[in-house]
Amino acid sequence: MSRSSVGHNNLKKIGKVSLIGAGPGDPEMLTLKAVRLISEADVILVDDLVNREILQHARANVRLRYVGKRGGCRSTPQSFINRLMAHEAGKGHQVVRLKGGDALIFGRANEEIDFLRERGINVELVAGITSAQAAGMALGRSLTDRAHSHGLVLLTGHPQKDGTGINYSALAQQGLTLVFYMGLARCEAIQKELLEGGLNAALPAAIVERASYSDARVLRTTLGELSGCVSKNAVQSPALLVLGQVAALALASDFEFDFGSSSATAARLPGAEIPFGPQVHFG
Ligand code: SAH
C-alpha cells in the first residue's frame, strides 16, 4: 500500500448514526446533546411527530429527509430508512435519526439499531423526553404518588396481533398509573378490557392531546366515560390516555379506590391547587 493511500484512508471520515429523541413537541424540551448532534449532522431523517422547529439547530446545507408516517397514511418503508441510514453513514456522513419523544420508547428503534450494528455502523443513542412525561406536566402533577401510585407503566394501545395480549387489568389492579401510547383508535376496546378486568368505572382518567405544545388539551374523565369523552371532544392524535388516581384533578379524600392502598390517606397534597388554564376541559 502506498504512503498516500494510507494517508487517504486515515483521513476518511467515520460515519455514524445518532438515534435521537426529539422530545414531545415543545422545541425547548430537547437535550443539549441532541442540539449539538443536530448542528453537526450532514443528513437528518425526520419522523412526523418531530416538531420541525427544532431543525433550526441544523446547518444550512443539511440534507433533510422526512420519513415519518401518520396512522393510516402511506409511510416510508422501514427497509428504505434502514438502507438510507447505512448508505449515508457508510459514506462517512454524520446521520441523525430524529424520532418524537424518546426514540427508545415505542419508536421501533431496535430494528434500526440491529440493522446498523450488523453492518458495523456506529450507533449513538440519545434519550429524549417521552410524551408521558410531558403529559405529567400537562396534568400538573406527578405520575407517581407515595400514596396512590407506586409505579408507572407505559403501554402500547396496539399490542401485536399475535394473540399475546397484555393483561392490562392485572397491571391496573396494582394501583399503577397506566399511560397508553397510540391508544386513541383502540380506546373503546381498552376501556372494555379494563372494565371487564374488574376495574372501577369511576377510576380517574385523563386524555392529554398534543402534550407540551401551546395548544395542548387535557380532558378529565373516568374509565367508564373514556371513549365517550374521546369522541365527544373529537380528540386528535397525538394523544395519551392516562389512567389511575393521579389522573384526578386532586387527590381528594373522597376518592376511594379498591386497588391496593385503600388505607392511604388521600389528603389533598400541598401544592395540589395548581391553577388550571382554559386548556383544561372536563369531558
Ligand atoms: N417515542 C414517542 C412515542 C411514539 S408512539 C415518545 O416517547 O413519546 C406515538 C404515540 O406517542 C402517539 O400515538 C401518542 O400516543 C404519543 N405521543 C407522542 N407525542 C405526543 C404528544 N406531544 N402528546 C400526546 N401524545 C403524544
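Select helix H4 (residues 109-118) and colour its buried residues: Ala109, Glu112, Ile113, Phe115 and Leu116. These lie on the same side of H4, because they cover an arc of only 165 degrees around the axis. The arc is taken from the directions that run from the helix axis to the C-beta atoms. Buried means under 20% relative accessible area, exposed over 50%, and partly exposed in between, with a 1.4 Å probe and protein chains only. Helices (H or I, at least four residues) and strands (E, at least two) are DSSP runs, numbered from the N terminus.

The model is predicted: local features need pLDDT of at least 70, side-chain atom pairs count only at pLDDT 80 or more, and totals for chains, interfaces and linings use all residues. Residues are numbered from 1 along each chain as its sequence is written, and side-chain values use heavy atoms, with hydrogens and water left out.

The face away from its buried side carries the exposed residues Asn110 and Glu118. Back on the buried side, show what covers it: the cover includes strand E1, helix H3 (78-90), strand E4 (94-99) and strand E5 (122-126). Contact here means heavy atoms within 4.5 Å.

The charged end of Arg119 sits over the Phe115 ring, 3.6 Å from its centre. A charge sits over a ring if NZ of Lys or CZ of Arg is within 6 Å of the ring centre and within 35 degrees of the ring normal. Another case is Arg210, which lies over the face of Tyr213 at 4.0 Å from the ring centre. Gly120, which follows H4, has a positive phi near 75 degrees.

Next, select Ser18 in strand E1 (residues 16-21). Is Ser18 buried or exposed? Ser18 counts as buried because its relative accessibility is 2%. Leaving out residues up to four places away in sequence, Ser18 touches Leu37, Val95, Val96, Arg97 and Glu124.

Then look at the backbone. Most residues other than glycine have a negative phi, and most peptide bonds are trans. Phe106 is not a glycine, yet has a positive phi of about 50 degrees. Phe106 is in the loop between E4 and H4, and counts as partly exposed at 36% relative accessibility. Met182, also not a glycine, has a positive phi of about 50 degrees. Find Met182 in the loop between strand E7 (177-181) and helix H7 (187-196); it is partly exposed, with a relative accessible area of 40%. For a cis peptide bond, go to Ser237 and Pro238, where omega is near 0 degrees. Pro238 lies in the loop between helix H8 (226-232) and strand E10 (239-243).

Finish with the cores. The largest nonpolar core has 24 residues, and those with the most contacts inside it are Leu178, Phe180, Leu194, Ile207, Val235, Leu241 and Leu243. Strand E6 (152-156), helix H6 (168-173), E7, H7, strand E8 (204-209), H8 and E10 each supply at least two residues of this core. A second, separate core of 18 residues includes Val67, Ile81, Val95 and Ile113. A nonpolar core is a set of buried Ala, Val, Leu, Ile, Met, Phe, Trp, Tyr and Cys residues joined through side-chain atoms within 4.5 Å.

Zoom out to the whole chain: eight helices and eleven strands, with 48% of the 283 residues counting as buried.
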